[in-house]
Amino acid sequence: MRGRGDRLEAELAEKGLDRMLVTDLTNVRYLTGFTGTNGAAICGPGVRIFLTDFRYTERAAAEVSEWECVTLTGDWLGGIAERLSGKVGFEDDHVSVRSLTKLEEKLGDSVEAVPAGGAVEALRRVKDAEELAAIAEAAKLADAALKQTVENGFRGKTEREVADYFEAKVRGFGGTLSFDTIVAAGPNGAQPHAEPGPREIREGELIVFDMGAKLDGYCSDGTRTYATGDPGEEGRRVYETVLAAQQAALDAIRPGVTGEDVDQAARKVIEDAGHGEHFGHGLGHGVGLDIHEGPRLSLRSDDVLAVNEVVTVEPGIYLAGDLGVRIEDLVVITDDGLRNLSSLPKDLTYVD
């Protein structure tokens with residue numbers, strides 16, 4: 001966690017804030033390392049205060065360093081308020097109106113609460129070496145679990161059975177799930193967020209497999225589409241189109257381009273193939289402590305990519321009632337392009 005409070009302090013100076021009150025637990029973890037379910041952080045010039053309750057006193061002592069640890073008893077908001085001064089930024093994208101009203105009732109007349117949501121999330125976009133290593137290990141674990149799941153076969157099993165096998169492998173390797181696994185066979189693959197169910201996987205179908213693991217709090221995200229025998233001319237053509245679209249996007253990634261630029265590179269390939277209306281979601285998103293965070297790759301994104309941001313690249317084509325194909329890699333933005341954290345092959349793989 002070294003240096004993250006300093007980065008936030010620098011941002012506060014630019015925003016004209018004296019203090020920042022951080023209450024979103026993911027942001028609190030990012031700044032302090034605390035993994036419990038009740039905590040807050042106050043940051044300012046020379047101020048690093050972490051607050052929790054008696055349940056987490058020992059955990060805070062073990063997990064939090066470089067921040068003064070305070071255990072509050074009784075009035076939680078009052079204990080926070082008495083440690084705030086001047087113009088204080090709060091996370092308006094996470095704090096309810098009711099909670100803010102109660103906090104303001106306890107603030108002195110000289111303290112002003114100012115909306116400053118997104119300040120920590122903006123810092124989280126650029127990963128440090130420790131974060132990149134954790135994400136890379138999570139991706140490696142997930143790929144290993146999927147490789148063994150493929151080797152175990154799909155045909156004759158239900159989508160749920162295949163998902164369960166993968167999830168057991170992730171846990172067996174020491175990870176947890178970063179989101180609910182998607183195994184979508186045949187026409188179910190046309191639903192981008194299909195849930196694995198009792199449908200049996202048959203011969204000659206395409207199977208969309210979207211999965212991720214979490215290690216040390218950091219997520220991975222990846223998708224491969226497999227076939228249980230020949231999926232037919234249309235299935236093969238759709239697959240090759242998605243693969244070409246993904247490669248076009250990967251080729252477009254470098255520092256300084258916008259999320260819209262990268263999305264458009266993939267979308268043009270799909271549109272030129274006559275499937276523009278069948279690619280209805282954005283191309284990708286950032287990944288870190290949350291499975292979905294900044295930056296965004298979409299037609300409405302003006303996010304400018306920077307070195308050491310981590311994003312997914314996941315174009316897809318979805319033909320309702322017929323089939324779906326999505327191919328997704330997890331990549332790190334580098335000085336001259338990207339480093340791909342996804343290791344599994346992308347040529348159409350046939351699975352028993």
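Rings of Phe, Tyr and Trp (its six-membered ring) pair if their centres lie within 6.5 Å; planes under 30 degrees apart count as stacked, over 60 as edge-to-face and the rest as tilted. The model is predicted: local features need pLDDT of at least 70 and side-chain atom pairs pLDDT 80 or more, while totals for chains, interfaces and linings use all residues. Residues are numbered from 1 along each chain as its sequence is written, and side-chain values use heavy atoms, without hydrogens and water.

**View 1. The aromatic pair Phe34 and Tyr56.** Five aromatic pairs are found in a search of the whole structure. In this one the ring centres of Phe34 and Tyr56 are 5.5 Å apart and the planes are at 85°, so the pair is edge-to-face. Phe34 has a relative accessible area of 1% and is buried (under 20%; exposed is over 50%, partly exposed in between; 1.4 Å probe, protein chains only). Tyr56, at 13%, is buried as well.

**View 2. The aromatic pair Phe166 and Phe209.** The ring centres of Phe166 and Phe209 lie 5.5 Å apart with planes at 75°, so this pair is edge-to-face. Phe166 is in helix H8 (residues 159–172) and Phe209 in strand E9 (residues 206–211), 43 residues apart; helices (H or I, at least four residues) and strands (E, at least two) are DSSP runs, numbered from the N terminus. Both residues, Phe166 and Phe209, are buried. With Phe154 and Tyr226 they form one aromatic cluster.

**View 3. Arg267 over the face of Phe279.** Arg267 lies 4.0 Å from the ring centre of Phe279. A charge sits over a ring if NZ of Lys or CZ of Arg is within 6 Å of the ring centre and within 35 degrees of the ring normal.
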